[in-house]
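Hi everyone, thanks for coming.

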Amino acid sequence: VSAFEAFLEGAVRTATPLAFAALGETVVERSGVINIGLEGAIIAGAFGGFVAAGSGSIWLGMVGSAIAGILVAAAFAIITIRIRADQIITGTAISLICLGFTAMLYQQIYGATGAALSIPTMAATEVPLLVSIPLFGRALFAQPAITYVLYLIIPVVWWWMYHTHAGLAVRATGEDPCCDRGWNSCATYSGLVCAFRWCNGWNRRWCACDCAGWFICGGDVSRPRIHCHRDCRSGPMASTRCCGSCTDLRCSECSSIFLPGSRLARSISVIPCAAVRADIVRSRRYRRKGSCASESRTLA
Amino acid sequence: MGAELALVTDALVRATPLMIAGLAVALAFRGGVFNIGAEGQLLVGAIAATAVTLAGHSILGRGVVFVALGAAAVAGGFWAAIAAELRRRFHVLEIISTIMLNFIAIHLVSFLVRGPLQEPTHIYPQTESLPAVARLPILIPGSRLHLGFAVGVLTAVALSWMFRRTAIGFRVRATGASPLAAFTAGRIDVSRNSFLVFLCSGALAGIAGGIEVTGVTFALYENLSPGYGYTAIAVALIAGLNPLGIIASGIFFGALETGASALQREFAVPSSLASVVEAALIIAVLTLTAARNRRVLERAS
C-alpha cells in the first residue's frame, strides 16, 4: 500500500461522519431550517454511541448514537418549530448544552481519570474484486461497514429529494420567496413534517451514526400531495413522476401544490393550506420577472 | 475578606471579555446582522494586540497599550469585514461565513504560537510574556481587576446612549427592526448601514481580545478564549440586547463561570455544569421572547 493510497483511504474514512452530518443538514436546509446545533447533535451522538457500545456491540452503539441525535434534534425542533424561537440562537444554545451535558455525564459515569476509555471499533471490510482497482480501490472499498451504508444512503436521499412528492414538498417549503415571509414559519413546519415522515421509515433500520438527527418520530400531520395540470392527474405516482422531472418549482407543470390534510393541520393551527402553496409558486414566478429580485437586492 | 474580594474581582475579570464581546453581539443583532463570529474576531484582536505590543513596547513605552488595543480593534474589524463584504457583494449568509472565520482564527492562533510568534526558547506553544509596561493598569490594588472592566462599562453606557439618543443609533435600530421599512420610509442606506454595524461589532470583539491579552493572560496561546465569543451571544440575549443590561448579564455569567470552577475545586461538581446552565437560560429566554412576540402578533391581527 503506497503512502498516497493510505492517504486517500484515511481521507474517505474521515469524511464518513462529516458526510452523514452534511446529509442530514442538507435535508433540513432544503426544508428551510438552519440547524447550527448540528455540532451538539454530533457530540451527543458520539456520547450516546460510546455509552451504548460499552456493552460490546458496535451496532448497538450506532443505534445509541442515533437515539441521542434524535433526542437533540427533537429538542431543537420543538423549540424552533413549535415555539418558533430563533433558529440560529437556539442552535448555538443546543451546541452549548450538549457540550456541557456530555462532559458532565462523562465525568459522572466514568470519573475524571486522565486515561481515555476505549470501545470496540469497526474494522475495515474489504469488498472483493473492487478493492483491487488501482489507486482508488482501497480508498473506496476497504472501509468500515458504515461507509458502505453511506454509499447507499446518498443516492436514496437524492432520489427522495428529487423524485418523490414528499421531497418536492420539502424543497417547496424550503424556498424562501421574498414576498411572503409571513408564511415562512408555517411552510417550514410542514417541511419538517415531511422530513420526519421520511425518516420514520429509515430510522427504524438505522439512520444516523454520529450524524445529525433532525426528525421526530411520529408527527403524522398531513400527507402532502402534488398535482400537476398537464396530463398526469391519475394518482400520486403519475404526478410524482411529472413533478419529479423538474428540478425546482419554476417548471410550469407544477402550478399547484396543496395539502389535502390541511383541515387536520389547521385544527392544530400550524399548517397553511393550498393558498400558501400556490402563493409560493406564484411568487417564485414573480421573483423571476425581476420586481421582487430588485427589491431583495436593495434589502440585502 | 481577602478571599471574598478575590472571588468577586475574579468574577468581574472573567465578566470583562464577556461583556465587551456581548456588546459587540448586541450591536450586530440590533442592526440586523447575525454576527456569530465574535469568537474569531476576539482571537484576531488578541493576536494583533500581542504582536503590536511585542514589536513596539521598547519604542512606545507606556503608550503601547493604547496602540495595541487600537490594533486589536482594527484586526477585529478587518475579520468582520471579510464576512461583511461577502454578505454585501455575494449575499453570503453571515452566519455561516462568521462561523467558518472562527475556525480560521482558532487555527491561525495555533499556527502563530508555534511559528512566528513563539517564545524565544521554542519550547512552549505560546508567545513571550508581555512586559510590565504593556499591561493594563490594575483598578483595585491586590486584585486582578484591570482597567478593561471600566472600559467595558463605559462602552456599554456609550452604546446605550447611542441607541437611545442619536440618529446613528436610530438608523441602526431601524435597519435591524425592518430593513424594508427603513429603506422605504426612512431613506436609510440599509446595505451600507449593516456593513458598518458589522465592522464596528467586529472591532468591539477585537478590543475584547486585546483587553484579555493585555489585562489577564499577558501572552497569546491556544485556548486563550474558552468560548467567550459564543457565551457572549447568551450574554447579549439574556440582556434583551440592551447595552446596560449587558453589564449585569456579563457579570452574572462571569460569576457563574468562576463559581463553577470553584465548585469543581471544592466539591468536585463538574464545571461543565456552567455551560448547561447557560444554555438552559438562553433557551428559556428565547421561549419567553417567542411567546411574547406571538401574543403581540395575535393581538395585532
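Let me start with a term: buried area is the accessible area, taken with a 1.4 Å probe, that two parts lose on being put together, summed over both.

Okay, some housekeeping. This is a predicted model, where local features need pLDDT of at least 70, side-chain atom pairs count only at pLDDT 80 or more, and totals for chains, interfaces and linings use all residues. Residues are numbered from 1 along each chain as its sequence is written, chains are lettered from A and ligands numbered from 1 in the order in which they are written, and side-chain values use heavy atoms, with hydrogens and water left out.

So, how much area do chain A and chain B bury between them? About 2,500 Å², and 78% of that is on carbon and sulfur atoms. As for what holds hands across the boundary, there are zero salt bridges between chain A and chain B. A salt bridge here is a side-chain nitrogen of Lys or Arg within 4 Å of a carboxyl oxygen of Asp or Glu. What you do get between the two chains is four residue pairs in polar contact, with both residues at pLDDT 80 or more. Polar contact means a pair of N or O atoms within 3.5 Å; within protein, one must be able to donate a hydrogen and the other to accept it, and residues adjacent in sequence count only if both atoms are side-chain atoms.

Which elements give two or more residues to chain A's side? They are α3 (58-82), α4 (87-110) and α12 (291-299) of chain A. Helices, by the way, are DSSP runs of H or I with at least four residues, strands are E runs of at least two, and both are numbered from the N terminus. The biggest giver is α4(A), with 13 residues.

In terms of contact, meaning heavy atoms within 4.5 Å, 26 residues of chain A meet 29 residues of chain B. Let's zoom in on one of the residues of chain B. B:Val276 sits in helix α11 (residues 273-300) of chain B. Leaving aside residues up to four places away in sequence, B:Val276 touches A:Ile97, A:Gly100 and A:Phe101. Is B:Val276 buried or exposed? Buried, at 12% relative accessibility; the cut-offs are under 20% for buried, over 50% for exposed and partly exposed in between, with a 1.4 Å probe and protein chains only.

Now back to salt bridges: over all chains, the count is eight. In chain A, A:Glu126 pairs with A:Arg138, with the closest N and O atoms 3.1 Å apart. A:Glu126 is in strand β1 (residues 124-126) and A:Arg138 in helix α5 (residues 137-141) of chain A, so this pair ties together parts twelve residues apart in sequence.

Over in chain B, B:Arg144 and B:Asp10 meet at 3.3 Å, N to O. B:Arg144 is in the loop between α4 (94-114) and α5 (147-165), and B:Asp10 is in helix α1 (residues 2-30), so parts 134 residues apart in sequence get tied together. Both ends are partly exposed: B:Arg144 at 43%, and B:Asp10 at 25%.

Last one: B:Arg114 bridges to B:Glu222 at 3.0 Å between the closest N and O atoms. Thanks, happy to take questions.
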